[in-house]
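The following exercises concern one protein structure. Please work through each task before reading its solution.

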Amino acid sequence: MDNFDNFNPFPTPNRNMNRVFSAIIREISRERNTTFVTISYNNCIGCGSSSGSVRLVVNQDTIIQDERGRNIRAGELERGMAVDASFSSAMTRSIPPQAQAFFIQITRRTNQTVTTTGRMIEVNARGNYILVLRNQNPSSIIRFNISPNTVILDLFGRRTGLSTLRAGFRVRVEHATFMTASIPPQTTAFTIQVIR
């Protein structure tokens, strides 16, 4: 198909295709002519569950578009971007599962974020925050405030809730670049990923 003007990336749903909306790109890796794009989603048609993660296999058959509908290369995709995507319902049993991507469209560019890795020393579900110690120095503690938009992922990349987190877990937190001048400093967490 040489002309994509009338291409509909989201045709009538069928049993062979899943569709996600406003998914977030978590990781990108490349091997030869194939790009692997891991996304987390909480709005999926056909996936069997409303939230989770999938590793998309992106090759020369995958159509990729920017926000304006212009065709782009896989190399222009970046971590943190929000995308709509359609992909095969035939998925591997790996964690996360892997599937062939048919179509990816960027819906929002990367937010300005910083990533911090450390050990949680407090989880406060009532106050909607966690305290993370970046190293052994108590002055390295950061308070990450949890909003309704914060994505929390377990060790396997599945979406979970604040109540499942425990002090002692190591986490990778993507957060806003600004911090308060308080002690400890505070900022908003966009994504919390348990890493072990």
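**Exercise 1.** How many disulfides does the count come to?

*Solution.* The model is a predicted one. A disulfide requires two cysteine sulfur atoms within 2.5 Å. The sulfur atoms of Cys44 and Cys47 lie 1.6 Å apart, and the two residues are joined by a disulfide. The count comes to one disulfide. The handedness follows from the torsion: it is about 65° about the S-S bond of Cys44 and Cys47, so the disulfide is right-handed.

**Exercise 2.** Determine whether the two cysteines are buried or exposed.

*Solution.* A residue is buried under 20% relative accessible area. Cys44 has a value of 15% and is therefore buried. Cys47, at 16%, is likewise buried.

**Exercise 3.** Identify the rings over which a charged end sits.

*Solution.* The charged end of Arg55 lies over the ring of Phe36, 4.0 Å from its centre. For Arg143, the ring is that of Tyr129, with a distance of 3.8 Å to its centre. Aromatic pairs number zero in the structure.

**Exercise 4.** Describe the largest pocket and its lining.

*Solution.* The pocket holds about 470 Å³ of space. Its lining comprises 22 residues, and those nearest the centre are Ile24, Arg26, Arg108, Val151 and Phe190. Strand E1 (17–31) is one of the elements that give two or more residues to this lining; E1 contributes the most, with four. By class, the lining has six nonpolar, 11 polar and five charged residues.

Terms used: Residues numbered from 1 in each chain as written. Predicted model: local features only at pLDDT ≥ 70, side-chain atom pairs only at ≥ 80, totals over all residues. Heavy atoms only, no water. Phe/Tyr/Trp six-rings, centres within 6.5 Å; stacked < 30°, edge-to-face > 60°. Lys NZ or Arg CZ within 6 Å of the ring centre and 35° of its normal. Buried < 20%, exposed > 50% of the residue type's maximum accessible area, 1.4 Å probe, protein only. 1 Å grid on protein atoms, 1.4 Å probe; cavity = no way out; pocket = protein on both sides within 12 Å on 5 of 7 lines; lining within 4 Å. Points joined across faces, edges and corners; volume = space filled by probe spheres on them. Nonpolar A, V, L, I, M, F, W, Y, C, P; charged D, E, K, R; others polar.
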